[in-house]
Amino acid sequence: MRALPPTARAFVLAAVLAAAACAAPALTDPATPWTAVVVLAALYLGCELVRVLAPTDRRAPDGLGCFFPVVMAAVFLLPPAAAALVAVPGALAQTVVQRPAGVRRVWHAAQQAVAAHLAGRVHGLLGGRGATAGPGSGAPGGTGHGADPSPWVADFPSVLLPAAAAAVVFCLVLTALDTGILAAAEGPAADARHGLLTRSLAPHCVHGLAGLMMAVMWRSSYGIPAALLVLLPMYVSCWVFAQYHRERAAHRATIRALVQAVDIKDRYTRGHSERVGQASAMIARELGMADDRLEVVRIAGILHDVGKLGVPTRLLRKDGPLTPEERRVIELHPEYGHEMVRGIGFLGEARSAILHHHERVDGSGYPYGLSGEQIPVLARVVAVADSFDAMTSTRSYSRARPVEVALTELERCAGAQFDPAMVRALVTAIGRHGWHPVVTSDDDLQVIGAGAAAVTATASGTPAGAAAGTAAAGPAGTAAAALPAVPAQPPGLAADRPRGGGGPAPERPAPGSR
């Protein structure tokens, strides 16, 4: 447990104690249907071992809980304490990759035992056990072969509501415990918790339905063999689901490879892609985007500069001014990036963000000079996130600016260069959650706590066009004074590095962004 912080250790210990309290009554209750408990526990264990012992190239991803239908069948067939026991062997057999492996297995067992017990309680309170009890079944776990030879049909639709409620409770408990352990291990700002319930609810309901079918067949005159047949289609569907996850893993590996290639080429922007993805996701979440679209926004932010692979390295690392010809070459990188990813189907809407993230709402951006609503929404999100990180991290041609100054500059340029709604969303998100970059490779990278950015929103109520740093009050103004002087310019034309050849002012996003 050395890899876990003390709060996470305490949380795991509490879950284990709760699981022991849930399962202990089954060990002392003479009415516990041990035959059914052993059969279901062995079945769940066998299903997990099939995954573990499968060839590596055909193995299902870890942690999918592919055979929860067996646990749900136990919830519907057995007393709550006995259902908690059924979940333990299979959970202990699940494969884990990250260390400490033993602690993680114990955590899975405790988590599933508590969830099965509470789901069984809800199922019983709603009368579900009576609706699934066949004639002559006797004690829970009977096969339905009793004195009554007449065919038995489950009490539909009465069995559906208790089963659905039990499946939802099972999902809620697992999600709550996952959220708790993530918060204990990674802190309250852990991004992995977002959307956990919405992603889990539908699969658990499907597993609940399969478990109900298994329980009904178990109680019927056909008995246990018919119940086992229910697992066959679930087995097939789980392997299809595993294939989907393997494909997603390949997608993530592709994205990582592209980002690493960009980072290697331009050492000053190392970590920039991930931070833009993080800021883009913050904006999208503040705008209320759905989880699936939020993930597309994050990927768009991560890959927005992939076209720089087509730009000569000497231009990306140049410390001095750019000539107009060099600037035109660099401004081709959105089109290069779009061409590079246009054949990657899973990127979807992210491709348009890669192409248009340097467009401006006033129509003076590049590559196509789109304006206003012509610019895709995701491109407007990434444009704000890109410029924010460019201003708050050190480049070869500019120093990092404080977060407050960067937000003030974004607000100054809103309406001319940036979509005001996107700027407001970023300011609000940073004010609420702070700015804690997931990648902090730059020496001067800025970090700000929650609530501190709210000062900016109060102190930066300046009219559009005012020079950033001079109208901001308090610490923001002080920090701006310590920076090199920024000449007053029209909104959006702030110079972030010297330019050569006496050419026009560079039309870039906010200071620091290429």
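How much space lies in the largest cavity? About 40 Å³ lies there, where a cavity is a set of points on a 1 Å grid over the protein atoms alone at which a 1.4 Å probe fits but cannot get out, and a volume is the space filled by probe spheres set on the points, with grid points joined across faces, edges and corners. The model is predicted, so that local features need pLDDT of at least 70 and side-chain atom pairs count only at pLDDT 80 or more, while totals for chains, interfaces and linings use all residues. Residues are numbered from 1 along each chain as its sequence is written, and side-chain values use heavy atoms, with hydrogens and water left out.

**Cavities**

- The count comes to three cavities of 30 Å³ or more.
- The largest cavity is lined by H356, H357, E359, I375, A379, R380, A383, V384, Q417, F418 and D419, lining residues being those with an atom within 4 Å of a point.
- Helix 17 gives the largest share of this lining, four residues, where helices are DSSP runs (H or I, at least four residues) numbered from the N terminus.
- By residue class, the lining of the largest cavity divides into five nonpolar, three polar and three charged residues, with Ala, Val, Leu, Ile, Met, Phe, Trp, Tyr, Cys and Pro counted as nonpolar, Asp, Glu, Lys and Arg as charged, and the others, Gly among them, as polar.

**Aromatic pairs**

- The structure holds three aromatic pairs, which are rings of Phe, Tyr and Trp (its six-membered ring) with centres within 6.5 Å, counted as stacked with planes under 30 degrees apart, as edge-to-face over 60 and as tilted for the rest.
- One of these pairs is formed by F68 and F170, edge-to-face at 5.3 Å centre to centre and 85 degrees between the planes.
- Because F68 lies in helix 3 (residues 68–77) and F170 in helix 7 (residues 160–186), this pair ties together parts that are 102 residues apart in sequence.
- F68 is buried at a relative accessible area of 7%, and F170 is buried at 1%, where buried means under 20% relative accessible area, exposed over 50% and partly exposed in between (1.4 Å probe, protein chains only).
- The ring centres of F388 and W435 lie 5.1 Å apart with planes at 80 degrees, so this pair is also edge-to-face.
- F388 belongs to helix 17 (residues 377–391) and W435 to the loop between helix 19 (420–433) and helix 20 (454–459), so the pair links parts 47 residues apart in sequence.
- F388 is buried at 0% relative accessibility, and W435 is likewise buried at 0%.

**Cysteines**

- The count of disulfides is zero, a disulfide being a pair of cysteine sulfur atoms within 2.5 Å.
- C22 is buried with a relative accessible area of 11%, and C413 is buried with 0%.

How values were computed
Helices (H or I, at least four residues) and strands (E, at least two) are DSSP runs, numbered from the N terminus. On a 1 Å grid over the protein atoms alone, a cavity is a set of points where a 1.4 Å probe fits but cannot get out, and a pocket is an open set with protein on both sides within 12 Å along at least five of seven lines; lining residues have an atom within 4 Å of a point.
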